[in-house]
Amino acid sequence: MTAHTDAELASLVGLLTADRAGVETVAIGHGRDDASRAAAHAFAETWQARGGTVLARVDWPEDAASWLRPARRLTAQTPDAWVIAAAVPGFARLARRLRRSTDFDPARAVAFASLGDPRLPALAGPGTLDGLRGATADGGTWEVRDDRILDDRLTSDPPSGTSS
C-alpha cells in the first residue's frame with residue numbers, strides 16, 4: 001500500500017458524511033504495513049477531530065491461519081460504518097470471513113485507495129464486497145458493484161475513437 005493523501009482522507013470523510021446522515025461511530029481495520037497503519041491513524045485523528053467516535057482499531061497480518069478473530073473484533077461493537085486501510089491480498093481474505101461469520105455489510109464500509117484495485121472483487125469472491133465504496137488518491141471515489149470496481153471518473157459513454 002502506498003501512503004494516503006489528504007485528498008483521499010477528505011474523500012473518505014465525505015463518503016461517510018454526505019449521504020449517510022447519522023454516521024457517528026466507526027471501526028477502523030488496517031493491515032500491519034506502515035502505510036496502512038499511518039492511513040488508519042490519520043483517519044482516526046480526522047474523524048475524532050470532527051466529533052466522531054472510533055469504537056475499535058483492528059489490525060491483521062497479510063497471511064493468517066484464521067481470519068475469525070480480526071473479523072469478530074472489527075464488527076463486535078456494531079459501528080455505524082467501517083473504514084478499511086489495507087493491501088488487497090490480506091483484506092480479500094478477511095472480507096470472506098467478515099461476510100461468512102459476522103454482520104459486516106460492505107455497503108456500510110469505506111476504504112482507502114489501495115483497495116480500489118480491480119483484482120479485489122475476484123479475490124474476495126462473488127458478491128462479497130458489492131457496495132463497498134472508497135476514495136482515490138486524487139480525492140475521487142470508487143465502488144464495488146456487480147463484482148467490479150467502478151471509478152467515478154468513468155462514464156457510461158465509450159471513450160472517443162472506440163465503437164460501442
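Where does Asp-147 lie? Asp-147 is in the loop between strand 6 and strand 7; helices (H or I, at least four residues) and strands (E, at least two) are DSSP runs, numbered from the N terminus.

The model is predicted, so local features need pLDDT of at least 70 and side-chain atom pairs count only at pLDDT 80 or more, while totals for chains, interfaces and linings use all residues. Residues are numbered from 1 along each chain as its sequence is written, and side-chain values use heavy atoms, with hydrogens and water left out.

**The loop between strand 6 and strand 7**

Asp-147 has a positive phi of about 60 degrees although it is not a glycine. Asp-146 is found in the loop between strand 6 and strand 7 (148-151), and Asp-146 has a positive phi of about 55 degrees, again without being a glycine. Most residues other than glycine have a negative phi. Asp-146 counts as exposed because its relative accessibility is 61%, and Asp-147, at 32%, is partly exposed. Here buried means under 20% relative accessible area, exposed over 50%, and partly exposed in between (1.4 Å probe, protein chains only).

**The nonpolar cores**

A nonpolar core is a set of buried Ala, Val, Leu, Ile, Met, Phe, Trp, Tyr and Cys residues joined through side-chain atoms within 4.5 Å. The largest one has 27 residues, of which Ile-84, Phe-91, Leu-115, Leu-120, Leu-129 and Leu-132 touch the most other members. Two or more residues of this core come from each of strand 2 (53-60), helix 3 (68-75), strand 3 (81-85), helix 4 (88-101), strand 4 (109-111), helix 5 (120-124) and strand 6 (141-145). Helix 4 gives the largest share, 6 residues.

Leu-120 is one of the residues named above. Leaving out residues up to four places away in sequence, Leu-120 touches Val-88, Phe-91, Ala-92, Leu-115, Leu-129 and Leu-132, where contact means heavy atoms within 4.5 Å. A second, separate core has 21 residues, including Ala-42, Trp-47, Val-110 and Ala-135.

The 14 residues of helix 4 should span 20 Å at 1.5 Å a residue, and its end C-alpha atoms are 20 Å apart, which agrees. The expected span of a helix is 1.5 Å times one less than its number of residues. Within helix 4, the residues Val-88, Gly-90, Phe-91, Ala-92, Leu-94, Ala-95 and Leu-98 are buried. The cover over these buried residues includes strand 2, helix 3, strand 3 and helix 5.

Helix 1 (residues 6-17) has 12 residues and reaches 17 Å from its first C-alpha to its last, close to the 16 Å expected. Its buried residues are Glu-8, Leu-9, Ser-11, Leu-12, Val-13, Leu-15 and Leu-16. They are covered by elements that include strand 1 (25-31), helix 2 (34-49), strand 3, strand 4, strand 5 (133-135) and strand 6.

**Gly-29 in strand 1**

Gly-29 lies in strand 1 and counts as buried because its relative accessibility is 0%. The C-alpha atoms of Gly-29 and Arg-57 are separated by 5.8 Å, although the two residues are 28 residues apart along the chain. Not counting residues up to four places away in sequence, Gly-29 touches Val-58, Trp-60, Leu-74, Val-83, Ile-84 and Ala-85.

**Salt bridges**

Side chains of opposite charge can pair when their charged atoms come close. A salt bridge is a side-chain nitrogen of Lys or Arg within 4 Å of a carboxyl oxygen of Asp or Glu. By this rule the count comes to 4 salt bridges, and the table includes some of them.

| Salt bridge | N to O distance |
|---|---|
| Asp-59 and Arg-32 | 3.4 Å |
| Arg-93 and Asp-63 | 3.4 Å |
| Glu-143 and Arg-145 | 3.5 Å |

In the bridge of Asp-59 and Arg-32, Asp-59 lies in strand 2 and Arg-32 in the loop between strand 1 and helix 2, so the pair ties together parts that are 27 residues apart in sequence. Asp-59 is partly exposed at 23% relative accessibility, and Arg-32 is partly exposed at 43%.

The side chains of Arg-93 and Asp-63 also meet in a salt bridge. This pair links distant parts of the chain, with Arg-93 in helix 4 and Asp-63 in the loop between strand 2 and helix 3, 30 residues apart. Arg-93 is partly exposed at 28%, whereas Asp-63 is exposed at 59%.

In the bridge of Glu-143 and Arg-145, Glu-143 is partly exposed at 25% and Arg-145 is partly exposed at 42%.
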